[in-house]
Amino acid sequence: MRRGMCLGLALACLVMSGCGSLPVPREMGDMALLRTMGVDSQEGELLVTVSTGPRARGLQGEQQPALMLSAQGRTLSAAVLSLQRLSDSYVFFGYIDQLLLGEELARQGVEPVLDYFARDVELGLGAQLWLVRETTAGEAVRSGGDEGVEGRLSTLQTDGEMGISAITRTAGEVLSDLMEWGTAYVPALVCTQEGEAVSLRESGYAVLKDGALAGFLDGEAAKGLELLAGREGGDVLEVELSGETVAVRLGRTKTSCRWSDAGDTIQVTCRIQARLAEYCQPLSREELELADRQLEEQERARIQAALEQMQAWGTDCTGLSARAALASPGQWGTRLDAGQFSEQAIEVEVQVSILDS
């Protein structure tokens with residue numbers, strides 16, 4: 001009993017004397033809660049730019065401009081530590097949910113940055129990942145001005161989840177693909193200038209190979225990648241029927257892959273449901289079937305455009321060979337390296353069904 005009392009008194013003295021490792025309490029008003037981080041390569045070092053978005057001040061919640069900070073170092077750890085010294089408030093990284101990488105950094109390799117997000121105690125791989133084209137990630141972060149760029153990125157993220165914008169990807173998803181397949185795709189952004197205002201807009205997809213940038217998929221090829229990935233449709237296509245332009249909205253999309261019975265061809269089947277969105281006269285069954293065939297040709301051309309570029313780079317970034325192996329027990333162990341994928345025969349079948357409303 002006496003020994004327990006002495007131990008308790010000793011622990012109490014340690015805590016009161018400051019020897020205990022208790023966390024330092026902080027007021028929320030004294031903290032800068034970062035939301036966005038941009039990372040660039042500059043003169044052999046890493047340049048990190050961060051933003052808080054608009055901040056509330058005082059009990060009344062009055063807004064003050066977004067806090068933006070930039071620092072550089074030979075390592076990401078050093079640059080992040082330098083950021084802490086630049087602010088009058090305690091800089092907290094635990095709320096970062098948007099990560100932007102510059103094109104020059106991507107050409108050198110993105111895995112060190114993703115690895116840092118995986119290891120850091122405040123950061124995490126749940127952050128949405130974007131690759132900024134033609135300019136720096138820092139400029140993209142600063143494009144939001146006093147309001148910050150978080151609102152624009154959140155809108156793009158929501159639109160992507162609804163199928164009306166590019167597929168959004170987390171840092172964890174990209175890192176997982178790189179580790180498993182050696183390649184991955186990332187939604188790309190560009191800064192556009194309208195008068196004095198600078199804004200961000202989507203610009204296809206960046207394709208990574210062995211952690212570094214292989215190239216970009218734009219336009220129809222970017223739409224083809226979305227079909228290969230099996231994302232839910234949200235696109236509107238137009239077909240000509242009896243001299244009339246008919247708008248068709250794409251809906252549920254399911255893409256499957258399997259090896260042929262001979263084991264020498266990957267067979268890709270893309271099934272798409274669609275609905276008539278805009279037309280003047282009721283369409284006959286024959287006209288609907290004609291529209292089906294026109295849409296199938298358009299979507300097949302998109303997929304072929306994506307595959308042609310992916311095979312030229314040797315980047316199976318949608319995991320076609322792995323998905324085909326899973327669907328074909330006889331080819332369970334078949335996994336293609338970059339050279340094999342470049343030469344692999346791939347058959348594409350698209351089936352469009354317009355629901356008659």
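**Surface, fold and a few residues**

Tutor: The protein's accessible surface comes to about 18400 Å², with 49% of that belonging to carbon and sulfur atoms; areas are from the Shrake-Rupley method with a 1.4 Å probe, and for residues only the protein chains shown count as cover. This is a predicted model, where local features need pLDDT of at least 70, side-chain atom pairs count only at pLDDT 80 or more, and totals for chains, interfaces and linings use all residues. Residues are numbered from 1 along each chain as its sequence is written, and side-chain values use heavy atoms, leaving out hydrogens and water.

Student: How much of the protein is buried?

Tutor: 48% of its 357 residues. Buried means under 20% relative accessible area, exposed over 50%, and partly exposed in between (1.4 Å probe, protein chains only).

Student: Ok, where does Lys-223 sit?

Tutor: In helix α8, residues 219–229. Helices are DSSP runs of H or I with at least four residues, numbered from the N terminus.

Student: And what is Lys-223 in contact with, neighbours within four places aside?

Tutor: Asp-235 and Arg-302, where contact means heavy atoms within 4.5 Å. Lys-223 is partly exposed, at 30% relative accessible area.

Student: Switching topic: how many disulfides?

Tutor: The count is zero, taking a disulfide as a pair of cysteine sulfur atoms within 2.5 Å. For Cys-257, the nearest cysteine sulfur is that of Cys-270, 9.8 Å away.

Student: Is Cys-257 buried or exposed?

Tutor: Buried, at 6% relative accessibility. Cys-191, at 22%, counts as partly exposed.

Definitions and conventions:
Helix = DSSP H or I, 4+ residues; strand = E, 2+ residues; numbered from the N terminus.
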